[in-house]
Amino acid sequence: MMLTVNHSAWDFKDVKPEVAVLPLACFEPHSNYFPVGSDQIIMSAIGEAVAQKLEETTFLLPVWPFGTSGHHAGQPGTVHLRYETLWHVVRDVAFSLHERGIHKIVVLNNHGSAMATTTKPIGNFVVKTAVRQLNYENPGIRTIWVQPFAAGRDKLSELVASAKEEIHVGAVELSLLMHLLPENEWEGPQDHIPDVDPTYLEFGPFRKYSPNGVWGNPSDASRAKGADVMKIVVDETVRYIQETFDHLKEIKEDRGGEY
Amino acid sequence: MLDKFSSSGDLRNNSPDIAVLGVGAIEQHGRHLPIATDWTQVKEISRRVAEELGALLLPAIPFSMSECHGLMPGTVYLKPETLSRVIKDIAASLREQGIKNLLILNGHGGNFILEPTIKSLNRRYPQFSVLMPAEVWAPVEDSPTIYETAGKGIHAEEMETSMQLYLNPDYVKDDRMDFVPNVGREFLDYAVMEEINPEGIWGLPSYGQTDKGERGIKAQVQSVLKFVEEALEVLK
């Protein structure tokens, strides 16, 4: 069972959800052509599907719409937070849930990339620190983070040849957008995979490496693939979350800790 | 209007001179209203205002200063410093792309950090204006003609119940527990809602009606538009 923000406080008293799902997004250009709120659209759909599919009773939070998109600063439509700000948002939201009895919190840290893993994210890197500190500083809290494209990386790369080379407006992301917004026009940017390691996004702006704002092969996208991407990333994210909480329970119980 | 569905190219071609940011809250609203009440209302009002202004509508912030409800479930908050940082970062992002004005519409009465944040931004960046109506939820002229209990409630009361009946009717329940505390609003500086009224209500929700919500939303939009017109004129 899933509660949302359309339920009342008394519904929360009755149901006492066990797990909260907090999706994060970024508000940033998706080339010149596609919505600046693409990540919010994607994370709203993934967040809801994941929260519905988890075994536990869940609380689906609204998508937090702004991330650390400083590498797109100054481009029309970029709204970016400093890393300390996003850290404090995640900290406050998770802590307020914990204080009110929801101790297992899943931060869906934007969609990520099949290039990334469940160990090292791409984008919003500070969320890893935020999650660590929440767990170290608050006994009894169980906060985890995951990026859905990273959770589904192996299956995504069977579906899209360039999946593990893509970061932004590639075939994986664009296919998903086509699936979620079938009425929109999805023509525009050329394929572009920069010849540098993505680590360089920490040293210079996105446009330096990709003048058209693309890091991937959008020409390989299709609406049919989008339906498959959705299924893969939701299933694999749910599987990762469930396994992570199970392992965490074993570790904490073995140590005689409170779970 | 430009919004999250617009592209970077749309924004470049239309160069909006004002962005609209709603600040919502996720917090207990008694037995009968959704915890998203403030967020739902401010999203609707922000969208209508942005349409009239041809503005860039930013996604409304869902969470804000809701610690005032104590430990009641369904409440998710940001600390005041966090909300202030968020506003400052959004303002900086808009300045970087050449947008000249930010209109903030505050959907939650407890966000007292917004005013000092805005004042500090306006002093520091004279070429960039951050505007916020003094009382988003009180269109002073129309309020008493719309709401029978105007002035008696501040939370989950006649006005919010009416607006939810209009905007979100499937999620409004029947058990509306009227309660008007015999203390001033400043008591929320000294105690939390849970202590003042464990039912989480301050006002008279039993007076809520759909048509009052519809008229109330329209009046809010008009009062905000009037404020923006005056403020931009004064600041010119």
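**Ground rules.** This is a predicted model, where local features need pLDDT of at least 70, side-chain atom pairs count only at pLDDT 80 or more, and totals for chains, interfaces and linings use all residues. Residues are numbered from 1 along each chain as its sequence is written, and chains are lettered from A and ligands numbered from 1 in the order in which they are written.

**Sheet, chain A.** I looked up the strand order and found an open sheet of five strands, S1-S3-S2-S4-S5, with parallel pairing. Strands (E, at least two residues) and helices (H or I, at least four) are DSSP runs numbered from the N terminus, and two strands pair if DSSP finds at least two bridges between them. S1 (2-3) and S5 (142-146) of chain A are the edges; each has a single partner strand, so one side of each lacks a neighbour in the sheet. Next I checked S2 (residues 19-24) and S4 (residues 104-109) of chain A, which pair over six bridges. A:Ala20 has A:Ile105 as its bridge partner in S4(A).

**Core.** The largest nonpolar core has 126 residues, and A:Val21 and B:Ile104 are among those with the most contacts inside it. Such a core joins buried Ala, Val, Leu, Ile, Met, Phe, Trp, Tyr and Cys residues through C-beta atoms within 7 Å; buried means 20 or more other C-beta atoms within 10 Å of a residue's own, with C-beta atoms placed from the backbone. Helix H9 (residues 223-254) of chain A gives the largest share of this core, eight residues. I also noted a second, separate core of six residues, including B:Leu33 and B:Tyr171.

Notes. A residue is buried if 20 or more other C-beta atoms lie within 10 Å of its own, exposed if 12 or fewer, and partly exposed in between; C-beta atoms are placed from the backbone.
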